Amino acid sequence: VTIEEDIIGKAQELGFAAAGIAVAAPSETMRVYRKWIAEGYAADMDYLKCHTALRSDPRKLAPGAKSVIATAARYPASGEPGAGFSTYARGQDYHVVLRQKLRQLADYIKGRAKISTARICVDSAPILEREWAVRAGIGWRGKQGQIVNPKLGCCLLLGELLVGIELRSSARLPNRCGTCRRCLDACPTGAVKEDGLLDPRECISYLTIEHKGSIPADIRPRLGEALFGCDMCTTVCPWNRFGNDLVMPELSERPMPGAAECINLTEQEFGKRFKDSVVLRTGPLRLSRNAAIALGNRKAGRP
Ligand code: B12
Ligand code: SF4
Ligand code: SF4
C-alpha cells in the first residue's frame, strides 16, 4: 500500500467514514468568502471576520504544512423533524471526538514518517473546511452548502490534519445534485439566496445556536419547535439513504430533553445535562429563549 492509502485506511479504522488528501496551496474560494463577509452574513460571528490571511492559505495557518488530510465523520440522518435538537448535537461533542481521533492519526503518521508540522482543525480554526473537503475528494458542495458524498450522504462533520509531508492528492468527486433541489425547497426560511450563498440571519441553525439576544419576532413562527440547530436542508437529501451503517459510534443519538424541560434549567442543571455535548457552548440562556419560542409555536399549532 502507498502511504496515502495507509493514512486513509487508518482514518477509517479510527471511525471516520471518509478521508482524503489535498496538496496544501492557496484557497480557491476566498472570493466567495470575502463576498459573504461583505454582505454582512457573518452577523454576530465576529470570529469569522478576522484571520483572513490565515484562512487564505493553510500554509499560513500551519507553517511547514505540505498536505491537508481531510476527514469526514458520519452523524445520524434519522432524526425526527421537530424533535428539537439537530441530530449532530445528540451525540458526544464532535469537536472533542474528532480532535482526539485526528491526534491519534497524527501519532500514527509520525510513527511512519518524519514530520514536524501536524496541526489539527475541527470547526473553529480559520480554514475553509468545505473547500478542503472538496479538494480532498470527500464530496461535492450541495445546493444548501453541505458537502455530499455519494456513498455517505451529507450528514457529515469535517476535520483536517495539516501535515508537513508531501502526499499525493486524492481525486475530486463530480457534483451529482443534478436537477434535485429538495434541500432548497425544504428550508422554512429561504435562507439560501439566488447566488447560492447562505444568509445566517435567516437560518434557524444560526438563530438558535449562534445568535445572541432576542430573535426577531417576524422570524419566530418559522423556527417551529427547533431548540438547537436545524436539519431541514440536510436530512431531506436523497443521498442520506447511504452511510447510515457508518455513523461514528460516539456521534450516535442519545435521548434529549424536550422544550418544557429546557425552559427551566438552572445554570448548574444545564451544565450537568450537556457536559459532553456541543449544546454546552450555547448556554442555558439561549436554550431557554429557543424553548420559549418552540412552546409558543406548538401552542399556535405551527409546524
Ligand atoms: C459559520 C458556520 C456556520 C454558520 C454559517 C453557515 C454557512 N453556510 O456559511 C451557521 C451557524 C448558519 C452554520 C450552520 C450549519 N453548519 Co456550520 N459552520 C460554520 C463554519 C464555522 C464556517 C463556515 C464559513 O466559513 N462560512 C462562510 C461561507 C462562505 O463558507 P462555506 O459555507 O464553508 O462555503 C465555502 C465553499 O462551500 C464555497 N462556497 C460557498 N458558497 C458557494 C457558492 C458558490 C456559487 C460557489 C461557487 C462556492 C461556494 O466557498 C466557501 C468558502 O470556502 C464551518 C467550519 C469551518 N471552519 O469551515 C462550519 C460547518 C460549515 N458547519 C457544518 C454544519 C454541520 C452545519 C449545520 C448542518 C449544523 C446544523 N445541523 O444546524 C448547518 C448547515 C447550514 C447550511 N445550509 O450551511 C459543517 C459542514 C459539514 C458539511 N457536510 O459540509 C462545518 C464544516 C463544521 C464541521 N467541522 O463539520 N454553520
Ligand atoms: S439549516 Fe434550516 S434554516 Fe438553515 S438553510 Fe438549512 S433548512 Fe434553512
Ligand atoms: S438535496 Fe438534492 S440538491 Fe440538495 S444537496 Fe442533496 S442532492 Fe443536492
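**Ring contacts, ligand shells and cysteines**

Arginine 273 lies over the face of phenylalanine 274, 5.6 Å from the ring centre, where a charge sits over a ring if NZ of Lys or CZ of Arg is within 6 Å of the ring centre and within 35 degrees of the ring normal. The model is predicted, so that local features need pLDDT of at least 70 and side-chain atom pairs count only at pLDDT 80 or more, while totals for chains, interfaces and linings use all residues. Residues are numbered from 1 along each chain as its sequence is written, chains are lettered from A and ligands numbered from 1 in the order in which they are written, and side-chain values use heavy atoms, with hydrogens and water left out.

Arginine 241 likewise lies over a ring face, that of tryptophan 239, at 5.8 Å from the ring centre. The whole structure holds 9 aromatic pairs (rings of Phe, Tyr and Trp, the last by its six-membered ring, with centres within 6.5 Å; planes under 30 degrees apart count as stacked, over 60 as edge-to-face and the rest as tilted). Tryptophan 140 and tryptophan 239 form one that is edge-to-face, at 5.5 Å centre to centre and 80° between the planes. Because tryptophan 140 lies in strand β4 (residues 140–141) and tryptophan 239 in the loop between α9 (232–235) and α10 (259–262), this pair ties together parts that are 99 residues apart in sequence. Helices (H or I, at least four residues) and strands (E, at least two) are DSSP runs, numbered from the N terminus. The rings of tryptophan 239 and phenylalanine 242 have their centres 6.4 Å apart and their planes at 40°, so this pair is tilted. Tryptophan 239 is buried at 15% relative accessible area, whereas phenylalanine 242, at 34%, is partly exposed (buried is under 20%, exposed over 50%, partly exposed in between; 1.4 Å probe, protein chains only).

Tryptophan 239 is also one of the residues around ligand 3, which include Cys177, Cys180, Cys183 and Cys237 (near means a heavy atom within 4 Å). Around ligand 1 there are 35 residues, the closest being Thr29, Glu129, Arg130, Leu158 and Ser205. An oxygen atom of ligand 1 is 2.8 Å from an N or O atom in the side chain of arginine 130, and a nitrogen atom of ligand 1 is 2.9 Å from a polar backbone atom of glutamine 144.

The structure holds 0 disulfides, a disulfide being a pair of cysteine sulfur atoms within 2.5 Å. For cysteine 155, the closest cysteine sulfur, in cysteine 154, is 4.9 Å away, too far for a bond.

How values were computed. A polar contact is a pair of N or O atoms within 3.5 Å; within protein, one must be able to donate a hydrogen and the other to accept it, and residues adjacent in sequence count only if both atoms are side-chain atoms.
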